[in-house]
Amino acid sequence: MHKVKVIIGSSLIVIIALLLAGMYYHQSTRFNAHVMINHTKVGGLTADKALKKLKSTVLKNDVFIEGNRIFDGKDTKMEFTSNDLPSVKKLLKSQQTFWPSSKEKNFSLQPGSMDQYRSQTLKKLVEAKLLSMNKNLLAPKDAEARLEHGKIIVSKSVAGKQYDVAQLVKNYQKQEYTSEIHLKPEYLQPIKADSPIIKKEKTVLQELVQRTVDYKVQDKVYSLTGSELIKNASVTKEMQVIIESDGIKDKLNEINDSQSTLNKNFHFKTHSGSVITVKGQSYGWAINVTKETKRVQEAFETGKKSLEADHIYGVGWSTYGTGYNAKSNDGIGHTYAEVSIAEQRIWLYKNGKLTFTTNVVTGRHNTHEDTPTGVWYVMYKETPSILQGSEVGNANYSVKVQYWAPFTLSGCGFHDASWRRNWASAAYLTAGSGGCVNTPSNVMKVVYDNLSKNEPVVVY
């Protein structure tokens, strides 16, 4: 009897051992009932069968934001291969329990070989879709510091509805390898009024209005101050200031009006000592206010402290302008040619000293061909030259001269006149030239040599 009990007891132990061994084998070779990989059920499957099921799983590749499908992707199969079996076995081992478990568990597993459609193609398509959607969505409005009417103000930020595409693309790359992709919305955020960026913008504007640019015109220096001339300005994301230049332009117009000589009257002291007023004609200079405004604006924007006027213009042959360097004698300087119609004579001065004088014959008076009065300048010099034009009684003439120095815009100038016989002081009244200053041939070379290009010619 005792032997029978021993046999029965031994048999039970063997059976239990076999059952336990069988249980362990089952648990070590199959997934628990409610286990999923990438939301695909693999419960009860071996690693090989689980991998096979993953290989056959279809990915719809639809992309959602807040439950709304924004992109319908192409259906593909998961890119698992036999090389991924060790990874599946590793998951199998990690979820293994001695007794069967009903606990739900979902594992995330990426194929060893990258899914090109999912990781590259679809990502770019989703990014493009988000950017396209943003075009029809309200953009956030940043707070910004601005200078308005001389005061620094800060505007409030306004939230928008546009997506933060860069952040969503990052989130996309972190998504599990599942059929659908669900993205949590991320919105572009505006720069707030209390942000460090706005504080820096305010500092930049404060520095701007404190800047000074010394602007030199001829030998006069004007101290241009930001607080006086800059009333409106903004700051770029790169912290560069952008100025509305109206105040600068007004100031340069003021400087131009007070200092330039183009088209203005000159007070001229004649050879006799009398002071007359002569209208400026081609002679003179002015500031190109538009171009100079841009230069001064850039100087303020970049912090440049001094600037010399550069864009000077004039009329006639020299479009740069004449007389800019002549600061004395009311802008005419001390080197010039003086032409008196009443006296029928010219005087040539160099550095304030008379170098030569001679009688001349100017334009014919009774036919209204008088030599034009005003302040002109020698446009160029030419020897020899052929003069072509017209005059009363001679519609088309062409005559050779040895020396030619034009000074008016209509073509009047100094030249020798070998054909002239009448050099009387009253000849100009009825027998003058077509407008030029006829100069005796025997002294014309001296006159020519004493004239310089751009030299003022005062005719009165």
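Student: By class, which residues does the lining of the largest pocket have?

Tutor: The lining of the largest pocket has 9 nonpolar, 11 polar and 2 charged residues, where Ala, Val, Leu, Ile, Met, Phe, Trp, Tyr, Cys and Pro count as nonpolar, Asp, Glu, Lys and Arg as charged, and the others, Gly among them, as polar. Please keep in mind that this is a predicted model, in which local features need pLDDT of at least 70 and side-chain atom pairs count only at pLDDT 80 or more, while totals for chains, interfaces and linings use all residues. Residues are numbered from 1 along each chain as its sequence is written, and side-chain values use heavy atoms, with hydrogens and water left out.

Student: And which residues lie nearest the centre of that largest pocket?

Tutor: Glu391, Tyr397, His415, Gly434 and Cys436 lie nearest the centre, out of 22 lining residues. A pocket here is an open set of points on a 1 Å grid over the protein atoms alone, where a 1.4 Å probe fits and protein lies on both sides within 12 Å along at least five of seven lines, and lining residues have an atom within 4 Å of a point.

Student: What gives the most to the lining of the largest pocket?

Tutor: Strand S24 does, with 6 residues; S24 (385-391) and strand S25 (394-401) each supply at least two. Strands (E, at least two residues) and helices (H or I, at least four) are DSSP runs numbered from the N terminus.

Student: OK, second largest pocket: which residues are closest to its centre?

Tutor: The second largest pocket has a volume of about 240 Å³, that is, the space filled by probe spheres set on grid points joined across faces, edges and corners. Gln110, Arg118, Ser119, Gln173 and Tyr177 are the closest to its centre among the 13 residues that line it. Helix H4 (116-134) and helix H5 (165-173) each supply at least two lining residues, and the largest share, 3 residues, comes from H4.

Student: How many residues are in the largest nonpolar core?

Tutor: There are 32, of which Tyr215, Val217 and Phe300 touch the most other members. Helix H6 (196-209), strand S11 (212-217) and helix H9 (289-302) are among the elements that each supply at least two residues of this core. A second, separate core of 24 residues includes Ala337, Ile341, Ala427 and Tyr448. A nonpolar core is a set of buried Ala, Val, Leu, Ile, Met, Phe, Trp, Tyr and Cys residues joined through side-chain atoms within 4.5 Å.

Student: Which residues is Tyr215 in contact with, leaving aside neighbours within four places in sequence?

Tutor: Those in contact with Tyr215 (heavy atoms within 4.5 Å) include Leu224, Leu252, Ile255, Val296 and Leu307, and also Lys220, Glu292 and Glu308.

Student: Switching to the backbone, where is the cis peptide bond?

Tutor: The cis peptide bond joins Thr383 and Pro384, with omega of about -15°, and Pro384 is found in the loop between strand S23 (374-377) and S24.

Student: What is the phi of Asn38?

Tutor: The phi of Asn38 is near 55°, which is positive in a residue other than glycine, and Asn38 lies in the loop between strand S1 (35-37) and strand S2 (40-41). Asn454 likewise has a positive phi, of about 75°, although it is not a glycine. Most residues other than glycine have a negative phi, and most peptide bonds are trans.

Student: Why does Asn38 count as buried?

Tutor: Asn38 counts as buried because its relative accessibility is 2%, whereas Asn454 is partly exposed at 29%; buried means under 20% relative accessible area, exposed over 50%, and partly exposed in between (1.4 Å probe, protein chains only).
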